[in-house]
Amino acid sequence: MKIIVVLLFMCTLAFSKVYYAKVEPYEIRTLASNVSGIVLFTDENMIGKRLFDKNFITIDSQIDEDELESVRQKLLYQKNTLILDENVLKNLAQTLQRKREHYQKIKDLKIKSRVDKDKEFYDLVSSENLYLSTQKEINNLKINIADLVLRKEQLLKNIKDKNIRAKGFVLYAISVKPGQVVNVSTPLAKVADTSKGLLTIYLDKEDLLHLHNKIIYINSKKTQYKISRVLYIADEKNLSKYKAQIIVKTPKVFSKLEKIELKESSNEK
């Protein structure tokens, strides 16, 4: 009986592959600047800690904030002016309608002189031009308001982008110092998503067969994990090897070396 158990164990080993991989964070992300400015503050005490809804890097935004206040005031004035002009336009429309009706009544009257008729006509044309001019002013106001609204949104985004946050991530490194001038695309920091762990192994071509049916053992313990990602293109560094990744639960300590075995399922042909 013992001999049979030993033989079965040896057969299992014959159909398993052993790999070693470090448990890395699910993602390490580089945060680059979307704006230009002088770095005012960096919170290096947060390195290695989970970030919350608070700045850990601050870029000077005083000019943006001053312009934002100016834009808000201009918007207020322009919107108030628009309301007034629209009321004026309504009054002009009523006046214009009456002048048109009046001119239609007198234009064919023989008792009215040519001079009087011309005077009424020029008065009507003048009112129409004033109506059109007011309409043009209203249209220009609407264009200006739309431009100011867009500028307001741009400034709000600039100010937000100058207050660097990454809630829920762990701060891995800060790449800038207070007093440093940054431009668009300047790397600011690296943050890690530690909500999950990631094991990366490199497989031979023959290992790809029935890969998703393999039973994964980690440190000789059977798990319910499956291969999460496979790149069916040979790796540029590990030639003739294919990158595969296993998403695992968050470990207590990252970067620990783990022993990974892929064993054939008993249901696998």
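In this predicted model, the side chains of Lys-22 and Glu-24 form a salt bridge, with N and O 3.7 Å apart. Both partners are partly exposed: Glu-24 has a relative accessible area of 27%, and Lys-22 one of 44%. In total, the structure contains 10 salt bridges. Three of them, including the pair above, are tabulated here.

| Glu-24 | Lys-22 | 3.7 Å |

Arg-165 is partly exposed, at 44% relative accessible area.

Glu-128 belongs to helix H3 and Arg-100 to helix H2, so this pair ties together parts 28 residues apart in sequence. Glu-128 is partly exposed at 26% relative accessibility, and Arg-100 is partly exposed at 35%.

Helix H3 covers residues 114–161; at 1.5 Å a residue its 48 residues should span 70 Å, which agrees with the 70 Å between its end C-alpha atoms. Buried residues of H3 include Leu-124, Ile-138, Leu-141, Ile-145 and Leu-148. Helix H2 (62–106) and E5 are among the elements that cover the buried residues of H3.

E5 also takes part in an open, antiparallel sheet of four strands, ordered E5-E4-E3-E7. Strands E5 (163–164) and E7 (181–182) are at the edges with a single partner strand each, so one side of each has no neighbour in the sheet. E7 is joined to strand E3 (residues 37–42) by two bridges, the strands running antiparallel; Gly-37 has Val-182 in E7 as its bridge partner.

Definitions and conventions
Residues are numbered from 1 along each chain as its sequence is written. This is a predicted model: local features need pLDDT of at least 70, side-chain atom pairs count only at pLDDT 80 or more; totals for chains, interfaces and linings use all residues. Side-chain values use heavy atoms; hydrogens and water are left out. Two strands pair if DSSP finds at least two bridges between them. The expected span of a helix is 1.5 Å times one less than its number of residues. Buried means under 20% relative accessible area, exposed over 50%, partly exposed in between (1.4 Å probe, protein chains only). Contact means heavy atoms within 4.5 Å. A salt bridge is a side-chain nitrogen of Lys or Arg within 4 Å of a carboxyl oxygen of Asp or Glu.
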